[in-house]
Amino acid sequence: MRKIVLLLTTLLLMIGLGYPGGTGHAAAATAPKYTEISTFVDGTLIISASKSILVNGSAYVPVKLLGQIPGFTVATAASVVTISGSKGSTKLSKDNSTLYKNSNYVAFKTLLKLGAIDGKYASSAASLFIWSTEEGKTKSNSMLYAISKLPGTMGQAVGKKVYLYAHPGSQWVTDVQYAEDTNTSTFTMLNEAGTTWTLDLDDSETDTLYTEGNLIALQELFNGDSVWAVNAEIPNSPFKNMEKVTIKDFRSSPGDGGLEVLIRRANGQEIYISVDTTVDPADYLTTIFYIKNPRTAFPCSDTVWAAIRDERVITGMTFEQVFLSWGEPDSYNDELGYVVYGHQYLYFINNKLSYYYEL
């Protein structure tokens with residue numbers, strides 16, 4: 001059985017999720033970098049619209065969440081916010097807090113000074129772990145150890161809303177444990193219905209798990225882009241070859257949980273296409289669609305372009321034009337100057353299709 005894998009997180013790096021908008025290169029270079037992270041308190045995930053953040057590498061906790069961290073209270077008077085813990089109190093200032101999405105965030109290092117807590121940020125899981133009791137410390141360290149045993153980028157799913165093939169709807173990864181005796185990692189999942197279940201990561205028949213962050217990254221990278229359909233790469237393509245369409249959105253399929261891209265045709269028809277998540281989805285999309293107008297990239301006559309649109313080949317075509325029509329050949333013979341598509345043999349002289357026949 002295949003081990004379950006997490007979609008590559010390179011998309012997040014490509015578009016810089018969490019970066020505030022800037023007006024130029026100089027402003028972008030000095031602007032703070034905000035990255036949302038998960039928060040665990042005594043081994044329990046806090047599921048909230050307000051998430052902790054990293055600001056230039058330092059962790060900050062939403063003041064709104066302090067009521068869920070033992071030993072802290074928050075008081076507001078005359079627009080002054082005071083945070084109190086068992087070791088003292090302090091007022092929020094520019095030195096110990098930041099503003100993000102119009103909400104106050106307090107530095108985690110400030111909380112460590114004020115309260116009877118401890119914790120650490122786990123970069124491999126993009127999660128902040130806070131504990132206030134020995135039991136909470138034990139649970140947190142058990143999760144941190146399990147995260148260290150996860151392969152590749154799987155740790156990025158911990159504490160996140162995720163989607164999974166064969167499990168329609170979203171799931172929260174609320175826990176991860178590692179069994180030494182069986183060398184097995186297990187996620188604890190919470191679905192939309194509030195049901196808790198476990199996912200054995202090392203013995204799963206499902207294909208790919210992807211996070212809400214992956215969806216957002218794809219949306220920011222592709223939504224609204226005009227692209228051209230490459231029918232040779234689209235199974236049972238509903239499009240005309242090289243048809244200009246628009247990428248509108250991405251979603252988890254309500255039927256099977258797989259990743260889908262919404263495509264709008266020029267006539268307004270909208271079609272969902274399944275995305276092959278066995279490879280990086282951005283790479284897959286740039287395989288089944290041209291991002292630049294192919295007729296501009298590969299100039300040709302109206303006759304040749306009509307043949308390409310109809311997925312035909314005609315003599316006089318260059319290899320590039322044949323490729324646009326039929327896609328990658330099954331095989332090449334550079335010495336004899338021909339390529340093979342199934343039973344079709346196409347012979348080229350000086351990069352022009354001279355003749356072809358079928359065996």
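Buried here means under 20% relative accessible area and exposed means over 50%, with partly exposed in between. Keep that in mind as you click through this predicted model.

**Stop 1**

Select Tyr357 and colour by accessibility. Its relative accessible area is 33%, so Tyr357 falls in the partly exposed class.

Together with Tyr345 and Tyr357, they make up one aromatic cluster.

**Stop 2: another aromatic pair**

In total, the structure has 16 aromatic pairs. Another one to pick out is Phe319 with Tyr332, a tilted pair at 6.1 Å centre to centre and 50° between the planes. Phe319 sits in helix 9 (residues 319–326) and Tyr332 in strand 23 (residues 331–333), so what you see is a link between distant parts of the chain, 13 residues apart. Tyr332 counts as partly exposed because its relative accessibility is 44%.

**Stop 3**

Switch to cartoon and find the open sheet whose five strands run in the order 21-20-19-18-22, with antiparallel pairing. Which strands are at the edges? They are strand 21 (270–274) and strand 22 (289–290), each pairing on one side only.

Strand 22 pairs with strand 18 (residues 226–229) in the antiparallel sense, over two bridges. Select Trp228 and look across to strand 22: its bridge partner there is Tyr290.

**Stop 4**

Move on to strand 19 (244–252) and strand 20 (259–264). These two run antiparallel and are joined by six bridges. For a residue pair to click on, take Asp249, whose bridge partner in strand 20 is Leu262. The two strands form a hairpin with six residues between them, and Gly257 in the turn has a positive phi of about 85°.

Is strand 20 mostly covered or mostly open? Mostly covered: five of its six residues are buried.

Keep going to strand 21, which is antiparallel to strand 20 and joined to it by five bridges. Here, Arg264 has Glu270 of strand 21 as its bridge partner. This is a hairpin as well, with five residues between the strands, and Gly268 in its turn has a positive phi of about 95°.

Before you leave this area, select Arg251 and Tyr272. Arg251 lies over the face of the Tyr272 ring, 3.4 Å from the ring centre.

**Stop 5**

Helix 5 and helix 6 pack at an angle of about 40°, and their axes are 11 Å apart. Helix 5 passes helix 6 in a right-handed crossing. To see what makes the contact, show side chains for Leu218, Leu221 and Phe222 on helix 5, and for Pro281, Ala282, Leu285 and Thr286 on helix 6.

Note on methods
Residues are numbered from 1 along each chain as its sequence is written. This is a predicted model: local features need pLDDT of at least 70, side-chain atom pairs count only at pLDDT 80 or more; totals for chains, interfaces and linings use all residues. Side-chain values use heavy atoms; hydrogens and water are left out. Rings of Phe, Tyr and Trp (its six-membered ring) pair if their centres lie within 6.5 Å; planes under 30 degrees apart count as stacked, over 60 as edge-to-face and the rest as tilted. Helices (H or I, at least four residues) and strands (E, at least two) are DSSP runs, numbered from the N terminus. Buried means under 20% relative accessible area, exposed over 50%, partly exposed in between (1.4 Å probe, protein chains only). A charge sits over a ring if NZ of Lys or CZ of Arg is within 6 Å of the ring centre and within 35 degrees of the ring normal. Two strands pair if DSSP finds at least two bridges between them. Contact means heavy atoms within 4.5 Å. Axes are lines fitted to C-alpha atoms, for helices over the stretch in contact, and angles run from 0 to 180 degrees between N-to-C directions. A crossing is left-handed if the near helix is turned anticlockwise from the far one by less than a right angle, and right-handed if clockwise.
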